[in-house]
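Open the structure in your viewer and keep the selection panel at hand. The stops below go from the whole chain to single elements.

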Amino acid sequence: MRERQEHEQVDRHDGAEPPASAPIPPVGVMLPDRQEITALLHGWTQTRHGAWFCDVEITAWTLTRLPDREIAEPAPIRFAVPAHRVTPVPDTSYEGVSLRRHPDAVRRLRSPRRAPGPPTAPSEPDPPPEAEWQLHTLGGDPPRRSLHHGDCWIPKSGTPLTAAQARTAAAQKDIAADCTICHVAQRLPAIGR
């Protein structure tokens with residue numbers, strides 16, 4: 001709640017009255033498990049340290065228990081997504097979408113040293129880094145090693161690997177390639193397993 005109070009509403013209308021209701025256009029969202037879904041973009045938020053997030057909404061089903069029966073009802077779910085995980089929907093305008101900045105980010109914007117400006121539309125995803133794979137080692141005797149894609153959130157640390165190094169590692173019998181979060185088994189054919 002306190003974080004929300006610290007945010008300052010900033011609009012794109014240079015002092016003019018903002019529209020009565022800001023548009024809520026669709027965007028593509030990449031979830032942590034690499035599913036791509038379409039969501040509604042309620043706004044952009046810049047954090048104290050300058051990172052941009054999108055406030056998005058999807059509608060899912062929920063079970064509602066009534067005295068005499070249970071029914072499925074649509075339930076809106078709003079959540080924050082890092083802006084680099086959101087992509088534009090073709091032929092969609094993002095003009096006038098709500099924009100909020102933390103006061104510290106606003107102060108930096110007004111200082112002579114400028115921070116990056118707000119996104120004007122969802123950005124294309126960043127290209128994958130050179131080290132697209134990680135070799136993660138867990139304890140045990142012998143230690144268990146597992147291969148993960150670079151965007152997997154499971155390994156907290158690991159040895160970065162290029163595709164060629166991952167191909168070599170995947171061929172070793174003592175390295176697991178069974179992560180269900182980053183779907184490494186589905187991605188391995190691309191590197192020759």
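A contact means heavy atoms within 4.5 Å. With that cut-off, residues 24 or more positions apart account for 58% of the contacts in the protein chain with a separation of 6 or more.

Some ground rules. This is a predicted model, where local features need pLDDT of at least 70, side-chain atom pairs count only at pLDDT 80 or more, and totals for chains, interfaces and linings use all residues. Residues are numbered from 1 along each chain as its sequence is written, and side-chain values use heavy atoms, with hydrogens and water left out.

**Whole chain**

Show the cartoon. The protein chain has four helices and eleven strands. Both are DSSP runs numbered from the N terminus: helices are H or I with at least four residues, strands E with at least two. Of the 193 residues, 30% are buried. Buried means under 20% relative accessible area, with a 1.4 Å probe and protein chains only.

**Colour by pLDDT**

pLDDT is the predictor's confidence in each residue, from 0 to 100. The chain mean is 75, and 68% of the residues reach 70 or more. Select residues 1-18: pLDDT is below 50 here, and the stretch has 31 contacts in the model beyond near neighbours in sequence. Next take residues 124-130, also below 50, with six such contacts. Where pLDDT is low, the predicted coordinates should not be read in detail.

Select residues 36-46 (E3) and 52-65 (E4). They run antiparallel, joined by six bridges; two strands count as paired if DSSP finds at least two bridges between them. Gln46 stands opposite Trp52 in E4. Five residues separate E3 and E4 in a hairpin, and Gly50 in the turn has a positive phi of about 100°.

E4 and E5 pair antiparallel over 13 bridges. Which residue of E5 is the bridge partner of Ile58? Pick Ile77. E4 and E5 also form a hairpin, with four residues between them.

**Helix H3**

Finish at residues 163-170. Ala166, Ala169 and Ala170 are the buried residues of H3. They lie on the same side of H3, because they cover an arc of only 95° around the axis, taken from the directions from the helix axis to the C-beta atoms. Their cover includes strands E8 (133-138), E9 (144-149), E10 (159-161) and E11 (175-176).

Methods. Buried < 20%, exposed > 50% of the residue type's maximum accessible area, 1.4 Å probe, protein only.
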